[in-house]
Amino acid sequence: MAFRIGIIGAGGIANAHAAAAKDSQGQVEIAGVADMNREAAEKFASANGATAFESAEALIKSAKDHGIGGIVVCTPPSARLPIVAAALKAKLPVMTEKPIAHTLADAKKLESLGKKNKKVVTAIGYCHRFTPAVLKMKELIAEGRIGRLERFENFFACDLPGHQSKWFSDPKKAGGGAFLDMGSHSMDLFHFVVGPSKVVGAVFDYKWKGRTETGATVLVKSTKKGGPNNPGNVAGVILSGWAETSRFTVSVLGDKGMLSYDYENPEVLIFKDLLGKQENHAIETCGVRFTRQLVAFAHAAQGTKQPGLATFADGLAAAAADAAARKAAK
Ligand SMILES: NC(=O)c1ccc[n+]([C@@H]2O[C@H](COP(=O)([O-])OP(=O)(O)OC[C@H]3O[C@@H](n4cnc5c(N)ncnc54)[C@H](O)[C@@H]3O)[C@@H](O)[C@H]2O)c1
């Protein structure tokens, strides 16, 4: 039987979760949706055969009656705290979209709520953890394919002119710009692939007057030894951008070569040795990441541990890196 979820916030990313549910071979289905914009909730509900609710509270209150076993929070980050608190009070598993919150203070509150409600599954939608190429990179680093791990490079950037007039770039509502939005994925990837980080320096760029940063160049380093071939002090070069040429790449470099993955060429993982000799390896597309993540959340909510899912503690780690980079950029 399919695991039934409720979606809170029927905007852009809710559609990625709807597509993931459709792609889950009957493992997950969307049973309910709530949005403060009634029209958005009804449109999403009718496209997905779900029930529309007028608010998150209304959906959470009647979740059991509708067989809803968990919720996915797809609101802007500033709206998350009361919704997650209500879900946890109702003992309803919850996965929220990234970033965990718009401020470090809210991120801390959410992490502590998660800790206090240990028996209820909580997760953050850091979907790149489910990109097959990223998982393969971790495996190949441990096997010694690139030797001693020295550097992690991650560029998530593209041109999003529409963000200039949306909540995304409103300093009060969003809390941060391109670095909080895209860079938080990058920071989580660094933590997932390399280990805990310390921000060393940051330069932010502001193309839109009175709005949040449109670009960020951030240097971090790892603070702990990782697994085999990861002795620590690994550099991370993170580039995030909302108003520049599109690049979605992850590379890891060691003293024997590098592995790189380009989301725009999604079925190839490249290895290059130190002389530049290239091997192309076929890999499953990054397009599976939302489905894999949603299915993992469904399994976790039903009692099977899913170590790949990002936790609220991981969400707080990315939020802390965001705050440190923001300070360094001043
Ligand atoms: N994982 C990813 O790759 C990825 C990609 C895009 C967006 N996101 C994240 O998803 C979140 C949402 O982004 P989006 O692009 O869908 O935004 P959006 O503005 O398109 O949608 C947000 C929706 O939430 C609704 N909403 C706001 N407050 C609410 C509340 N209190 N109760 C119910 N509904 C409420 C809005 O009416 C809107 O329909 C952001 O945190 C964003 O960073 C993640």
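Two residues are taken to be in contact if their C-beta atoms, placed from the backbone, lie within 7 Å. The model discussed here is predicted, and local features need pLDDT of at least 70, side-chain atom pairs count only at pLDDT 80 or more, while totals for chains, interfaces and linings use all residues. Residues are numbered from 1 along each chain as its sequence is written.

With that definition, L104, A107, K108, L110, E111 and G114 in helix 5 meet F312, A313, G315, L316, A319, A320 and A323 in helix 10; helices here are DSSP runs (H or I, at least four residues), numbered from the N terminus. By class, this contact of helix 5 with helix 10 has 9 nonpolar, 2 polar and 2 charged residues, where Ala, Val, Leu, Ile, Met, Phe, Trp, Tyr, Cys and Pro count as nonpolar, Asp, Glu, Lys and Arg as charged, and the others, Gly among them, as polar.

The chain is divided into domain 1 (3-127 + 293-311) and domain 2 (129-286 + 315-328), with bounds that come from an automatic or database domain assignment. Their contact takes 20 residues from domain 1 and 17 residues from domain 2, and on the side of domain 1 that touches domain 2, helix 5 gives the most, with 5 residues. That side of domain 1 has 12 nonpolar, 5 polar and 3 charged residues.

Turning to the ligand, the residues around it divide into 13 nonpolar, 6 polar and 4 charged. The largest share of this shell, 3 residues, comes from helix 1 (residues 12-22).

Methods. Helix = DSSP H or I, 4+ residues; strand = E, 2+ residues; numbered from the N terminus.
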